[in-house]
Amino acid sequence: VPILKMNENKPGVSQNLACVFCRKNDDCPAKYGEKKTNEKWGLTVHYYCLLMSSGIWQRGEEEEGVYGFLIEDIKKEVTRASKLKCSVCKKTGASIGCVAPRCKRSYHFPCGLQRECVFQFTGNFASFCWNHRPVQVITSNNYRDSLPCTICLEFIDPIPTYSILRSPCCKNAWFHRDCLQAQAINAGVFFFRCTVCNNSDIFQKEMLRMGIHIPEKDASWELEENAYQELLQHYEHCDVRRCRCKEGRDYNVPDSKWEIKRCQCCGSSGTHLACSSLQSWEQNWECLECRGILYNSGNFQKAKKHTLPNTNVGITDCLLEESSPKLSGQSPGAQCKDLLRQGSKFRRDISTLIIELGFQIKKKPKRLFINKANIWNSALDGFRNRNFNPSYTIEIAYINENDHFGREQPGSKQEFLSLLMQQLENSPLFEGSLSKNLSLNSQALKENLYYEAGKMLAISLVHGGPSPGFFSKTLFNCLVYGPENTEPILDDVSDFDVAQIIIRVNTATSVADLNSLINDCYNYLELIGCLRLITSISDKYMLAKDILVYHVIKRVQAPFESFKQGLKTLGVLEKIQTYPEAFCNIFCHKPESLSAKILSDLFTVHTLSDVQALGFWNSYLQAVEDGKSTVTMEDILIFATGCNSIPPAGFKPTPSIECLHMDFPVGNKCNNCLTLPITSTYKEFQENMDFAIKNTLRLEKEEISHFSGH
């Protein structure tokens with residue numbers, strides 16, 4: 001089936017054309033999904049009408065036909081539907097049928113919406129008529145009065161109906177269906193979650209069951225260009241009583257006495273350095289309003305008197321506007337905002353920051369002997385060796401314990417660090433699926449492995465290793481702002497039983513329910529020190545918070561302190577705390593997916609190469625990206641460099657390509673060089689590339705998997 005170009009760039013074309021399924025010409029993406037017209041075949045469809053039709057499946061790739069539904073299949077489905085009468089409007093073309101056994105109702109998608117049918121946008125995309133649709137069952141209704149929809153805040157009767165839904169994780173959270181659907185469309189699958197407790201897994205499953213469409217896309221606010229531009233604008237105005245600048249209060253010259261310094265508390269007041277007798281930009285300063293609040297709250301020690309500088313500033317102005325000591329109890333939110341306000345000095349490129357850390361590395365080499373089948377213990381032995389210095393240049397020599405001749409093989413440092421970080425991510429030192437927190441492992445604590453893990457991570461970053469990418473936001477915030485300033489969320493709890501207790505606490509609807517729960521979990525709550533007297537239903541919030549803080553933070557206090565000390569190696573932790581925004585991206589998010597363009601740009605051609613082979617190479621990359629090969633982009637990168645992603649500071653040396661008259665490609669990971677075979681046809685080129693890459697990686701995995709873990 002040929003790839004068909006839709007008229008998506010011509011907004012007016014499909015506006016007046018009717019959908020072949022529902023026969024309506026409405027263009028309403030929020031209700032019926034996006035409307036598209038294929039001019040070649042004269043087909044106009046609403047996305048939801050197509051998706052929900054009972055007799056059609058997506059057999060093509062996303063770019064084939066219409067949304068991956070082949071044209072021939074769409075035509076067959078239209079023919080099938082033409083014989084079915086809609087149970088609502090009594091017209092033919094009802095392509096959607098109720099999946100309940102023995103139910104014969106069929107309907108158009110808009111008619112189904114009108115009669116409050118439920119369409120499940122997941123699994124087999126089932127549809128249920130008004131008699132058989134899923135309902136939310138509540139055991140008791142203790143809500144006599146109206147409650148607000150937690151999205152629009154309009155009061156509603158807390159009774160589950162088609163248009164009123166209840167959160168599965170917070171029983172006192174109610175929503176309008178329309179409010180939920182609008183939020184799901186805007187938030188997408190990555191950000192759609194309970195508005196009360198932030199749970200995503202349980203919440204999304206229930207909402208999908210009840211017919212809420214959660215699109216697999218990023219949130220609309222993430223896609224909007226310059227959506228947060230106003231946050232990056234700096235306040236630039238001198239607000240002190242007597243501004244001494246002849247050029248005016250808005251005059252700002254960086255790195256001079258006329259540079260404007262913003263209040264470190266609110267950021268919405270400013271002063272020229274000279275107007276408040278500040279000697280440098282680094283000195284802290286608060287405006288009069290914030291100074292008054294801090295002074296009255298008892299958190300501020302009045303600065304000691306000192307001799308006034310010889311200036312024309314009045315004595316009263318100097319006393320009120322002088323710089324103050326840095327506040328130690330600053331909240332993480334205030335610290336984040338303060339960093340943002342301080343401008344470009346704190347918004348630094350992550351690659352630059354890691355390159356700066358790399359300046360500590362001395363040219364004195366230190367060789368590590370690594371057994372690929374036992375990466376973890378090999379690295380542990382090497383890093384614990386008394387002659388090892390983390391600031392020396394690391395050289396890798398691979399050894400095999402079964403080789404009685406003791407032969408060494410030169411290895412790639414970046415490959416070793418990549419393998420080590422994979423071992424660390426999957427080690428018992430961390431718990432969780434994707435976003436991980438520290439675990440409590442008594443044996444690892446006894447062997448000081450948490451310290452070693454922090455040290456490994458620091459060494460890996462400074463020496464050009466990959467992004468960690470597996471930290472939870474909670475763990476990262478604990479490192480940057482301190483555990484006392486960090487609030488964990490339910491997603492941080494990987495223990496199912498503990499998560500269920502917290503959910504039961506959050507969903508309790510009466511004091512009796514809460515006390516019953518406490519009796520059921522008395523021994524556990526007593527053990528962790530979270531027993532508390534319950535006098536009102538609102539006490540459940542503090543109880544849930546106590547359990548969360550204990551399980552995620554207090555329970556792992558010893559591992560955290562040890563890990564934190566290890567991360568101080570080579571000044572890495574201090575750098576993270578200075579530039580948290582830059583480091584958060586590489587600690588809490590996996591690197592961007594590789595594309596044909598990224599790999600094509602990454603590999604440079606240093607020597608005179610075969611033009612045809614280079615053409616085959618670019619075609620091969622495109623074929624891999626399009627899924628027409630058994631190899632992935634990551635496989636190619638691992639084959640050539642030993643890494644499955646591009647390190648934050650880039651590769652050393654830069655990956656290169658050369659072409660030789662040989663049958664199969666060769667990856668030299670020590671110098672990141674990929675040798676391409678010169679073949680007569682592209683088919684032969686692709687087959688040889690696929691065969692060599694897949695088999696080489698398979699053999700390497702088998703070699704590593706011989707060791708069963710640590």
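Colleague: What's the lining of the second largest pocket by class?
Modeller: There are 20 nonpolar, 11 polar and four charged residues in that lining. Nonpolar here takes in Ala, Val, Leu, Ile, Met, Phe, Trp, Tyr, Cys and Pro, charged is Asp, Glu, Lys and Arg, and the others, Gly among them, are polar. It's a predicted model, where local features need pLDDT of at least 70 and side-chain atom pairs pLDDT 80 or more, while totals for chains, interfaces and linings use all residues. Residues are numbered from 1 along each chain as its sequence is written, and side-chain values use heavy atoms, with hydrogens and water left out.

Colleague: And what volume does the second largest pocket have?
Modeller: About 950 Å³, taken as the space filled by probe spheres set on grid points joined across faces, edges and corners. Of its 35 lining residues, Tyr-47, Leu-51, Phe-121, Phe-125 and His-213 are the closest to the centre. A pocket is an open set of points on a 1 Å grid over the protein atoms alone, where a 1.4 Å probe fits, with protein on both sides within 12 Å along at least five of seven lines; lining residues have an atom within 4 Å of a point.

Colleague: Which element gives the largest share of that lining?
Modeller: H2, with four residues. Helices are DSSP runs of at least four residues (H or I) and strands (E) of at least two, numbered from the N terminus.

Colleague: Switching topic: where is Cys-670?
Modeller: In the loop between strand E20 (666-668) and strand E21 (673-677). An unreviewed UniProt entry annotates Cys-670 as "active site"; positions follow the numbering used here, feature names are shortened, and annotations may be inferred rather than shown by experiment.

Colleague: Why does Cys-670 count as partly exposed?
Modeller: Because its relative accessible area is 40%, and buried means under 20%, exposed over 50%, partly exposed in between (1.4 Å probe, protein chains only). Beyond four places in sequence, Cys-670 contacts Pro-410, Gly-411, Ser-412 and Pro-653, a contact being heavy atoms within 4.5 Å.

Colleague: How about His-272, buried or exposed?
Modeller: Buried, at 0% relative accessible area. His-272 belongs to strand E12 (residues 270-272), and its side chain reaches the backbone oxygen of Tyr-251 at 2.5 Å. Its contacts outside four places in sequence include Cys-238, Cys-243 and Cys-245.

Colleague: Last one: what does Ser-460 touch?
Modeller: Leu-417, Met-421, Gly-465 and Pro-466, leaving out residues up to four places away. Ser-460 is in helix H15 (residues 449-462) and counts as buried because its relative accessibility is 0%.

Terms used: Polar contact = N/O pair within 3.5 Å; in protein donor to acceptor, adjacent residues only side chain to side chain.
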